[in-house]
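Dear colleague,

Please find the structure below, followed by a short account of what was found in it. I would be grateful if you read the two side by side.

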Amino acid sequence: HEKLSVSYPLYQALYGSIQGSVFEDLRTASTEFITALPFDGFAIGGVAVGESKEDMARVLSWVTPLLPEDKPRHLLGVGEIDDIFTLVDSGVDTFDCVQATRLARMGHVFVQNAKTGFVLDMTKKAYAEDEKPLDGTCQCYTCKHFTRAYIHHLFHVRELLAYRLTTIHNVAFINQLVSSIRRAIGDGTYRELKSRWLSV
């Protein structure tokens, strides 16, 4: 039989991680030291382990102006909806976070509604007869095929499909948001997009 072949990239980027907690002098020293080394990009860490959103924004205001403009910037462990706009405003290129899948496993789904904190809890009785999709603006598989009531039912009977469907939605929701931000930056409408999302 024919052998399976797996191709690996010839090169993987190596990022240097910038630390220093919420202290400007430590952040500055770490940034200067790490950026002096030949890394492919730079990651900013230590802003998602108990720090407030204000602390995160402050750290970014210290660090990102010191980063090379020709190398990517990554923020470690941040991914709430309003945080995404903060990090984009700060010049961060990419980010990672367990939020989408962790919330999904608890029945919490992302929605485009700042009044709800961008999240609805599908385990609540209020959704037991709700025939709407999880989010009316979302184009994911879950939103196209299943109602809030059905997903509420799945969580109520502890059916494993519940976790899969909410995870599909939350991951797709973040991907769609980031894609729309990328387009808005390109066509000069980012400010309007941000205003639509964050208005209460």
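**Sheet, helix and cores**

In this predicted model, strand β3 (residues 73-75) and β4 run parallel and are joined by two bridges. Leu75 has Phe95 as its bridge partner in β4. These strands belong to an open sheet of four strands, paired in parallel in the order β1-β2-β3-β4. Its edge strands, β1 (15-18) and β4 (94-95), each pair on one side only.

Helix α1 (residues 24-35) comes next. Within α1, the residues Arg27, Ser30, Thr31 and Ile34 are buried. They lie on the same side of α1, because they cover an arc of only 100° around the axis. Asp25 and Phe33, on the other side of α1, are exposed. The buried residues of α1 are covered by elements including β1, β2 (41-44) and α2 (53-63).

In soluble globular proteins, nonpolar side chains tend to be buried together. Here the largest nonpolar core has 33 residues, of which Leu75, Ile81, Ile181 and Trp197 touch the most other members. The elements giving two or more residues to this core are β2, α2, α3 (81-89), α4 (99-105), α7 (161-187) and α8 (190-198). Leaving aside residues up to four places away in sequence, Ile181 touches Ile84, Phe85, Val88, Tyr190 and Leu193. Another core, of 16 residues, lies apart from the largest one; among them are Val111, Met122, Tyr127 and Ala172.

With kind regards

How values were computed. Residues numbered from 1 in each chain as written. Predicted model: local features only at pLDDT ≥ 70, side-chain atom pairs only at ≥ 80, totals over all residues. Heavy atoms only, no water. Pairing = 2+ DSSP bridges. Buried < 20%, exposed > 50% of the residue type's maximum accessible area, 1.4 Å probe, protein only. Arc of directions from axis to C-beta. Contact = heavy atoms within 4.5 Å. Core = buried A, V, L, I, M, F, W, Y, C linked by side-chain atoms within 4.5 Å.
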